[in-house]
Amino acid sequence: MALFAQFLTALNADVVAALAAGGYPPLVDGAILFGPARVFEASRPPRIIISPADSTFSAPDLSSASATLGTEERRQQAVMLAVHTERVTFEVRCWGGSESASGIGGYDLTRALYHAVMAALQRIVPNHGIDTRGAWTEAGPIGSLGQEFVFTTWLDTPVLDRMLPFDPSTQYAPPGVAPVTSDTFIASTGETGSGC
């Protein structure tokens, strides 16, 4: 049952590669972050944060087996009975910043971030849902540099008639992956300086 881990891993790999290929500044944390607590961290743009918002349930949707996201739930749907469909909704927060006095660069970078997420969603989960509206917030997550855009998307996943085996290896980063700490500040322009 590793929907969140597998979804975020696939989305992160696609978005980070697309930003690098396009010559955009890297995400300040090096990856898409997960969970609402990450919104309130003292950080800088560019950042993307994805948080589970809610779930709704309905009759089983057997067509959801055709999605390309290779989660264990989807693979097992072919041999196990789907008793319901769970629509898992995610809030996606894209925060871009610019050092320009007008701030217009922050809007453009933010737009590039949410377009990268939307394109990645189409590639990895082509039958995802997306709200018809998103919203620009007043400023960055805690009223600082840059602009933030928030939208919602969802995935339909099966609720199976029995539990899949618990696999603790899907709960954490793979072996050999460790956080990298630094006291170097990296601006959205790519310039570096000493951190705080």
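How many salt bridges does the count come to? With a salt bridge taken as a side-chain nitrogen of Lys or Arg within 4 Å of a carboxyl oxygen of Asp or Glu, the count comes to seven. The structure is a predicted model, in which local features need pLDDT of at least 70 and side-chain atom pairs count only at pLDDT 80 or more, while totals for chains, interfaces and linings use all residues. Residues are numbered from 1 along each chain as its sequence is written, and side-chain values use heavy atoms, with hydrogens and water left out.

The protein contains three helices and eight strands, assigned as DSSP runs numbered from the N terminus (helices: H or I, at least four residues; strands: E, at least two). Their order from the N terminus is α-β-β-α-β-α-β-β-β-β-β. Of the 196 residues, 38% count as buried; buried denotes under 20% relative accessible area, exposed over 50%, and partly exposed the range in between (1.4 Å probe, protein chains only). The accessible surface, from the Shrake-Rupley method with a 1.4 Å probe, comes to about 10,800 Å², and carbon and sulfur atoms make up 59% of this area. Among contacts (heavy atoms within 4.5 Å) with a separation of 6 or more, 70% are between residues 24 or more positions apart.

One of the salt bridges joins Asp29 to Arg47, with the closest N and O atoms 2.7 Å apart. This pair links distant parts of the chain, 18 residues apart: Asp29 lies in the loop between helix H1 (3–22) and strand E1 (33–34), and Arg47 lies in strand E2 (residues 47–58). Asp29 is partly exposed at 36% relative accessible area, whereas Arg47 is buried at 2%. Both residues belong to a network of salt bridges that also includes Arg38 and Glu41.

A salt bridge between Asp156 and Arg87 likewise has its closest N and O atoms 2.7 Å apart. Asp156 is buried, with a relative accessible area of 15%; Arg87 is partly exposed at 32%. In the salt bridge of Arg93 with Glu91, the closest N and O atoms are 3.1 Å apart. Arg93 is buried at 15% relative accessibility, and Glu91 is partly exposed at 26%.

Strand pairing (at least two DSSP bridges between two strands) was examined around E6. E3 and E6 run antiparallel and are joined by 14 bridges, with Thr85 opposite Pro158 in E6. Strand E4 (residues 129–130) is antiparallel to E6 and joined to it by two bridges; Ile130 stands opposite Thr153. Two bridges also connect strand E5 (residues 135–136) to E6 in antiparallel orientation, where Trp136 stands opposite Phe149. Twelve of the 14 residues of E6 are buried, so this strand is largely enclosed by the rest of the structure.

Leaving aside residues up to four places away in sequence, Val117 touches Leu11, Val15, Ile48, Val92, Cys94 and Phe151.
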